[in-house]
Amino acid sequence: MKARRRGTTLLETIVLMGAIAVMLAVAVTSIQALVAVERANRREATADLKIDRLAAAFRDDVHAARGQSLVQAGPEATLTLDLGAGRAAVYVAGPGGVRVEHRPGGEAPARVERFAPAGCRVALAEVPAEAGAPARLRLTIRRGEGQPEAVALRVEAVPGRDRPDFAAATGEGRP
Amino acid sequence: MRTPPVRNRLAARRGFFLVEVTAGVLVLLAVLAMTVQLLAWSGAARRETRHRQWALNEAQNVLDLVTALPPAALTTEALAGRKLGERAERALPGGTLTVTAEPDAAGGVASRRVAVAITWRGRSGAPVSPLRLVAWVPVSEGEAP
């Protein structure tokens, strides 16, 4: 009797293995879920950074512009900003994101940046002047479907604001 | 009545097995809870960053508009009616916009100091310290009040 009860019983071993299996299953599924959440977080953070960079570049270019033309062709909008001294910035926006081309003028090759974080749509528009607001250019960045905030960012910049002659140019309407 | 020593050891062993499993489960739960907490913090930090990004962009938008106005229109009273756009209000819970403009002759140049401040409800529900952008618009002699 005493000899038979020494050591682990089969039942004990089975219960132990069952408990370990349950714990492992819980651990693996929750770690998988956590890793997925973390990955999504990181992707969003990267997209936010890209959106920031695009917004800053757009605002700078619009502020420096001496002239602009916006051509809407189907789903694509092309904004050409004349930066003076033969330099230009071209923004081609569409459902697949935006392509930014900086032409330094002369023979130097253009610097092209593509901006298309997953599922982002970019739209360009001219906003006419109204009471209490001058004309401006608008860049809207939308996140893909099913995102919490559909509009990630909306940049509205007044063209030519950084030009030295800006005050004189807009001064016509001043009292 | 003395229990035989072998039975004693066995009873102790059985108890030890239960304690082992319970301790294992508790450690696992503690680690998972800590990881979830960390993720919650990182999510909150990301939301905070996004709010700040929205607020900064919105403040720049407002400053762009306001500084392009004629200097005569740059008074706190004339700018008081400005509000956050509908989208910005949706992105910034409880967001409020304050625009002030006052004469400022710092540096010997007659100018108007235009300040844009945006605040919104933070994580605790209280308004965060406002994000402020300031610009100076020079006023030519004839336009000076």
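I began with chain B, where three strands form an open sheet in the order β1-β2-β3 with antiparallel pairing. Its edge strands are β1 (96-104) and β3 (131-138) of chain B, each pairing on one side only. The twist averages 15 degrees from one strand to the next.

A note on provenance: this is a predicted model, in which local features need pLDDT of at least 70 and side-chain atom pairs count only at pLDDT 80 or more, while totals for chains, interfaces and linings use all residues. Residues are numbered from 1 along each chain as its sequence is written, chains are lettered from A and ligands numbered from 1 in the order in which they are written, and side-chain values use heavy atoms, with hydrogens and water left out.

For my terms, strands (E, at least two residues) and helices (H or I, at least four) are DSSP runs numbered from the N terminus, and two strands pair if DSSP finds at least two bridges between them.

Next I looked at β1(B) and strand β2 (residues 111-119) of chain B, which run antiparallel and are joined by nine bridges. There, D104(B) stands opposite S111(B) in β2(B).

I then turned to chain A and found another open sheet, ordered β6-β7-β8 and paired antiparallel. Here β6 (121-127) and β8 (151-157) of chain A stand at the edges with a single partner strand each, so one side of each has no neighbour in the sheet. I counted seven bridges between β6(A) and strand β7 (residues 136-142) of chain A, and R121(A) has R142(A) as its bridge partner in β7(A).

On helix α1 (residues 10-64) of chain A I found L16(A). At 31% relative accessibility, L16(A) counts as partly exposed (buried is under 20% relative accessible area, exposed over 50%, partly exposed in between, with a 1.4 Å probe and protein chains only).

My last stop was strand β3 (residues 87-94) of chain A: seven of its eight residues are buried, so it is largely enclosed by the rest of the structure. Seven bridges join β3(A) to strand β4 (residues 97-103) of chain A, running antiparallel, and Y91(A) stands opposite V100(A) in β4(A).

Technical notes: Axes are lines fitted to C-alpha atoms, for helices over the stretch in contact, and angles run from 0 to 180 degrees between N-to-C directions.
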